[in-house]
Amino acid sequence: MDQGAGKFLLDKPLPVDLTAAALFMAEKRSLSLRVFSLAPSIALYKEWLEKGWEIRRSERPAVGKRLITDPKKRTLTKELTSLLEERLPERRILLLLNRVASSPLLYCPQCRRPLLCERDGTPLQQEEERVSCPQCQGSLPLPEGCPRCGTPLLSLRGKGIAALKHKLSSLFPDQRAEEYSRKSVGRGKREEEVLESFQRGEFPLLLGTDLAVRPFHLQNLSLIILFYPEFDLSSPDPAASERLFSLLTSLAWMKAESAPLVIKTDFPDLPLFSEFLADDFEGFFSRELELRKKMGYFPFRRFLTLQGEETPGGIRKLKALAEKIKPHEGDPWELLGPFLPSGKKGLFPRFTLVTTSPEALWKAIHERVLPSTPPGFRFTVDRA
Ligand SMILES: [Zn+2]
Ligand SMILES: [Zn+2]
């Protein structure tokens, strides 16, 4: 950043928070600002446009990128297998699959909502060809698509990292694949060792299973395959799509000019993918903004999470509190849940509140919920 002649110049992509800080400073001093960014957040970009900032997206040749899909929904298609065979002698193949992929819930990757019970709003759970409600015990046949928009529903069953590893080792028994995630390697030395050893070509396949860990500094990759990025959209978090767009953009920009980026997806028709392939951030931005307006997502609405304890008593206490914040006529919020933990560690029963008016919701929480909060009960605010 160069501060001279009343001008900030950001000449390389900055982390979003740093960009926000630069914008804040520029605004305070009434300076002009040029922003270069790969894929800013939707809320930030909206703000920049409203302020009339000059926005230029950095221009750099991106690697070849394409989608691969399979009507039979196999993980490793023939096309992928032969691509792997072709690149294996060069080693340094990066495979990415978010390990979040194990949950009985069904999601609409377009509306970014789980399939909910019509009676009580509880997320339905898939059991083979049926779905059932853990709250009212209701059960119905697996619906074909999202009741709101008709998009085929996203199931997270059987697509985890274990299945991929198994397929890789049966196809390429002599090729070592190392897993790489915060959990599998821990912090510090071992993590570095795995990456360095991969970088030196001592084993050919690196399996990134935690997209929070983004090994963007790896070099001379011969192939990048991102499996089922739609899993990242299986969350009502409105930032999920911008995170995915930014991940895809960063991957395409990795120092790997010769390495194609292949996206294996069961949802080739998601607009996000065609926008990414066409390098059309503006298209992504305006469609996403429209969707958020329609669905009432951030920055048009805010989310708040009521989170309880992972005990039978905890769930009861949480439900009692949720009862108190159930919207009455005219209350500007929606109560979704309960989302019950499915045996996963670190997950707690929770409700999600969606509101157009965080102030009114906060006031109601103070008046209706806080006075009857049992000791030890926590609720957290998401994106206030
Ligand atoms: Zn129900
Ligand atoms: Zn939908």
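Pro338 lies in strand S18 (residues 333–339); strands here are DSSP runs of E with at least two residues, helices are runs of H or I with at least four, and both are numbered from the N terminus. The peptide bond from Gly337 to Pro338 is cis, with omega near 10 degrees. The model is predicted: local features need pLDDT of at least 70, side-chain atom pairs count only at pLDDT 80 or more, and totals for chains, interfaces and linings use all residues. Residues are numbered from 1 along each chain as its sequence is written, chains are lettered from A and ligands numbered from 1 in the order in which they are written, and side-chain values use heavy atoms, with hydrogens and water left out.

The protein chain has 11 helices and 20 strands. Of its 384 residues, 49% count as buried (under 20% relative accessible area, with exposed over 50% and partly exposed in between; 1.4 Å probe, protein chains only). Contacts are heavy atoms within 4.5 Å. Among contacts with a separation of 6 or more, 69% join residues 24 or more positions apart.

The largest nonpolar core holds 65 residues, and Leu84, Leu95, Leu206 and Phe227 touch the most other members. Such a core is a set of buried Ala, Val, Leu, Ile, Met, Phe, Trp, Tyr and Cys residues joined through side-chain atoms within 4.5 Å. Helix H7 (residues 240–252) gives the most to this core, with seven residues. Domain 1 (2–56) and domain 2 (65–101 + 157–292) both contribute residues, so the core lies between them; the domain bounds come from an automatic or database domain assignment. Apart from this core lies another, of 17 residues, including Leu106 and Val354.

Two residues other than glycine have positive phi. Arg92, with phi near 50 degrees, sits in the loop between helix H3 (78–87) and strand S6 (93–97). Tyr228, with phi near 45 degrees, is in the loop between strand S15 (223–227) and H7. Tyr228 is buried, at 2% relative accessibility.

The zinc ion (ligand 2) has Cys108, Cys111, Cys146 and Cys149 as protein donors, each through SG, at 2.3 to 2.4 Å. Donors are N, O and S atoms within 2.8 Å of the metal (3.2 Å for Na, K and Ca). The site is tetrahedral, with angles of 105 to 113 degrees among its four donor atoms; the term requires all angles between 85 and 135 degrees. The donor spacing is C-x2-C-x34-C-x2-C. Cys108 is buried, at 1% relative accessible area, whereas Cys149 is partly exposed at 37%.

Notes. Tetrahedral: all angles 85-135°; square planar, octahedral: opposite > 155°, others 65-115°.
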